[in-house]
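Trainee: I would like to go through the labels used for this model and ask what stands behind each one.
Mentor: Go ahead; we will set each label against its definition.

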Amino acid sequence: MSRCLAERSIDHVLLERGEVANSWRTERWESLRLLTPNWQSRLPAFSYDGNDPNGYRTLPETIAFIAAYAKAISAPVRTHTTVTSVRSADAGYLVRTNRGDWRCRTVVLASGACNIARVPSFGARVPPCVAQLTAQSYRSPGQLADGGVLVVGASSSGTQIALELQRSGRPVTLSVGEHIRAPRVYRGKDLEWWMDAAGVLDERYDQVEDVARARRVPSLQLAGTPDRSTLDLNALTEAGVRLVGRLAGITEDGKAQFAGSLRNMCALSDLKMRRLLDLIDEWARTNGLDGTVEPPDRLPPTRVEASPPLGMDVVKSGIKTIIWATGYRPDYSWLELPVLDRKGMVSHDGGIVCSPGVYLMGMQFLRRRKSALIDGAGDDARDLSAHLAAYLDNRAPAARGSQRSTKGHDDWHRER
Ligand SMILES: Cc1cc2nc3c(=O)[nH]c(=O)nc-3n(C[C@H](O)[C@H](O)[C@H](O)COP(=O)(O)OP(=O)(O)OC[C@H]3O[C@@H](n4cnc5c(N)ncnc54)[C@H](O)[C@@H]3O)c2cc1C
């Protein structure tokens with residue numbers, strides 16, 4: 001967004017509570033690699049120029065990539081500046097920070113979709129002798145006591161963490177709810193390549209049948225590893241991870257209760273994967289790729305044990321740690337505008353928020369299926385910066401002119 005605003009000569013500032021790429025520096029586990037290939041982090045006027053386009057960035061590489069982008073576009077970032085409130089004021093907004101106040105006519109909320117790890121309320125009944133972490137506070141196996149681990153959630157975070165912990169020698173039980181299975185490589189090409197080429201990732205929010213549902217869909221079970229292997233439940237079973245159903249509750253005396261829907265969840269996930277691959281095959285056929293790529297080759301159905309346990313005494317079964325990989329949510333505790341719905345999410349129409357001049361970025365399916373990926377930010381920013389520029393032009397042409405005046409940036413923007 002900063003790059004797109006700069007292209008339109010719209011003066012702006014980025015307020016960041018930490019360093020550039022803060023979420024990657026402080027909220028991810030150490031071994032994480034991007035699940036999107038290197039070529040797929042295309043940002044406005046910046047893309048991958050290394051010699052491994054199909055590789056997957058490590059965490060340090062991801063941080064370096066984003067920091068290099070901020071430098072390349074001379075992004076006007078104020079680091080270590082925490083926004084503590086945004087409220088309406090006069091003809092725009094008053095933004096309070098730990099380093100002084102700002103006044104502005106428009107605000108872009110780009111504070112992230114994953115600020116807080118979601119933990120079900122029954123997590124409070126986990127016996128105190130069992131440690132609890134989330135996918136956000138988990139760093140590496142060395143952080144955990146020896147002994148069993150219950151990982152709750154089988155999307156990309158949960159499956160990756162479960163495999164790492166199982167390989168560290170701790171017996172892992174994985175509680176599986178709704179999830180989306182996907183092969184890493186299909187017909188010789190990365191699944192992300194197919195989804196990009198076939199237009200799946202460009203599908204627009206106003207073209208899907210149920211956008212509210214589409215915004216809740218969990219992340220694909222994908223991992224970026226040097227061997228490009230598929231990380232699905234069968235791979236986890238082979239590694240020794242035990243699968244159980246969705247964690248439905250924990251009783252007062254510390255018994256975990258699992259839903260009996262594991263088999264159905266897996267069958268549904270297999271079905272959705274088949275549908276996605278059918279769509280890809282159809283696209284390959286109509287675009288003349290058959291014969292130039294490998295023939296279709298489908299994964300076998302997900303294997304589920306005959307009678308997975310429906311309950312487990314957490315302490316007696318040797319669980320020493322529970323890791324909640326049950327999703328994330330944004331934190332808007334600082335947003336003092338009447339724009340939140342009853343679930344605490346910002347109401348918006350493709351990133352245009354109901355408060356005039358306020359925009360949203362980085363949310364799941366904001367404008368396109370790819371909106372919450374690094375690769376999706378560019379197209380959304382192009383669209384939303386165009387709307388923002390028109391808003392400034394229509395609303396206060398004279399005021400917009402003053403942004404381009406020779407006055408010092410701080411003179412008109414900032415209040416001390
Ligand atoms: C575990 C995990 C793995 C992922 N893997 C991939 C992947 O492989 N490929 C991919 O494309 N995407 C991946 N994503 C999604 C990725 O995080 C997003 O694409 C990207 O981070 C979105 O960038 P953003 O700037 O919108 O949000 P963020 O990266 O969350 O940045 C928001 C920034 O706002 C700052 N902030 C928040 N509140 C305040 C405040 N009050 N005041 C000041 N600053 C504030 C934060 O410090 C942060 O730096 C992953 C996400 C997670 C959680």
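Mentor: Start with a definition: two strands pair if DSSP finds at least two bridges between them. The model is a predicted one.
Trainee: What makes β14 and β15 a pair?
Mentor: Strand β14 covers residues 247-250 and strand β15 residues 255-258, with three bridges in the antiparallel sense. The rule asks for at least two bridges, so the two strands count as paired. Within this pair, Leu 247 is opposite Phe 258 of β15.
Trainee: What lies between the strands of that hairpin?
Mentor: Four residues separate β14 from β15, and Gly 254 has a positive phi near 80 degrees.
Trainee: Why are β14 and β16 called edge strands?
Mentor: The open sheet has three strands in the order β14-β15-β16, paired antiparallel. Strands β14 and β16 (311-313) each pair on one side only, which puts them at the edges. From one strand to the next, the twist averages 20 degrees.
Trainee: How many cavities of 30 Å³ or more does the count give?
Mentor: One. The largest cavity has a volume of about 30 Å³.
Trainee: How do you know which residues line the largest cavity?
Mentor: A lining residue has an atom within 4 Å of a cavity point, so Glu 178, His 179, Met 265, Leu 268, Ser 269 and Lys 272 qualify.
Trainee: What is the make-up of that lining by residue class?
Mentor: The lining has two nonpolar, two polar and two charged residues.

Terms used
Residues are numbered from 1 along each chain as its sequence is written. This is a predicted model: local features need pLDDT of at least 70, side-chain atom pairs count only at pLDDT 80 or more; totals for chains, interfaces and linings use all residues. Side-chain values use heavy atoms; hydrogens and water are left out. Axes are lines fitted to C-alpha atoms, for helices over the stretch in contact, and angles run from 0 to 180 degrees between N-to-C directions. On a 1 Å grid over the protein atoms alone, a cavity is a set of points where a 1.4 Å probe fits but cannot get out, and a pocket is an open set with protein on both sides within 12 Å along at least five of seven lines; lining residues have an atom within 4 Å of a point. Grid points are joined across faces, edges and corners, and a volume is the space filled by probe spheres set on the points. Ala, Val, Leu, Ile, Met, Phe, Trp, Tyr, Cys and Pro count as nonpolar, Asp, Glu, Lys and Arg as charged, and the others, Gly among them, as polar.
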